[in-house]
Amino acid sequence: MPQSAANTLVVLDFETTGLSPNQGDRAIEIGAVLIEDGVITQRFSELMNPGFRISRFIEDYTGISNQMLSDAPPCDEVMARFARFIANHNLVAHNAAFDQRFLDAEFAKIRHRYLGQFGCSLLVARRLYQAAPNHELGTLVRYKQLPTDGTFHRALADAEMTGHLWLAMLADLKQDFGLCSPTFELLQKLTKKSKADVPRFLSQHAVKV
């Protein structure tokens with residue numbers, strides 16, 4: 001399988017009715033940005049009606065109301081459009097295990113399978129920013145002084161911030177380790193290294209000048 005550039009991919013985020021599609025939870029909003037050659041070039045943002053009322057907790061947490069969802073298209077329509085948006089790109093999310101569960105569950109309902117790999121910006125950040133207070137998205141946005149309008153827990157806003165975080169990590173890999181064009185596969189391998197092994201691993205892949 002050919003290697004793919006880490007600076008061209010789709011960064012996504014879901015808002016959902018709960019924590020587990022296995023317990024009947026559904027997606028209620030999808031937000032994503034397409035990064036091409038290190039630049040955010042396209043955005044995708046849609047609410048989707050899960051077919052039942054959401055809890056007051058989720059309304060308060062996300063700012064998404066049952067009224068808003070009553071006018072939204074059903075999940076299968078939105079996910080079909082999102083499938084076209086991501087095409088064959090690799091995917092990234094912050095705490096990706098959560099978003100991947102919902103992506104897989106929603107795509108299964110429309111019998112769609114994506115071909116790209118799924119990466120986690122949280123796991124990469126844990127290796128690169130070991131001095132950060134923690135690795136929640138909001139903390140990292142402040143830690144790296146990333147662009148934000150102050151909105152959290154809405155899908156497109158979180159996807160945009162995660163996209164800026166990903167680009168910041170690529171910039172730091174270039175500046176600190178001489179990795180000018182790291183592959184997506186290299187960052188996948190990085191997430192499996194111990195924190196102590198990170199400098200040695202990255203220096204092995206640095207461009208020798």
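**Loops, cores and a pocket in a predicted model**

Glutamine 145 sits in the loop that joins α6 (137-143) to α7 (155-177); helices (H or I, at least four residues) and strands (E, at least two) are DSSP runs, numbered from the N terminus. The model is a predicted one, in which local features need pLDDT of at least 70 and side-chain atom pairs count only at pLDDT 80 or more, while totals for chains, interfaces and linings use all residues. Residues are numbered from 1 along each chain as its sequence is written, and side-chain values use heavy atoms, with hydrogens and water left out.

The phi angle of glutamine 145 is near 50 degrees, a positive value in a residue other than glycine. Glutamine 145 is exposed, at a relative accessible area of 72% (buried means under 20%, exposed over 50%, partly exposed in between; 1.4 Å probe, protein chains only). Alanine 87, in the loop between α3 (75-86) and β4 (91-93), also has a positive phi near 50 degrees, and this alanine is partly exposed, with a relative accessible area of 40%.

Turning to the interior, helix α5 (residues 121-128) is largely enclosed by the rest of the structure, because six of its eight residues are buried. These are Ser121, Leu122, Val124, Ala125, Arg127 and Leu128, and they pack against β4, β5 (118-120), α6, α7, α8 (184-190) and α9 (198-204).

The largest nonpolar core has 32 residues, and those with the most contacts inside it are Leu128, Tyr129, Trp166, Met169 and Leu202. Such a core is a set of buried Ala, Val, Leu, Ile, Met, Phe, Trp, Tyr and Cys residues joined through side-chain atoms within 4.5 Å. Its largest share, eight residues, comes from α7. Tryptophan 166 touches Ala6, Leu9, Val92, Ser121, Val124, Phe184 and Leu187, not counting residues up to four places away in sequence (contact means heavy atoms within 4.5 Å). A second, separate core of 27 residues includes Phe44, Met48, Cys75 and Met79.

Finally, there is the open space. The largest pocket holds about 600 Å³. Of the 23 residues that line this pocket, Asp13, Tyr61, Asn95, His153 and Asp158 are the closest to its centre. On a 1 Å grid over the protein atoms alone, a pocket is an open set of points where a 1.4 Å probe fits, with protein on both sides within 12 Å along at least five of seven lines, and lining residues have an atom within 4 Å of a point. The volume is the space filled by probe spheres set on the points, which are joined across faces, edges and corners.
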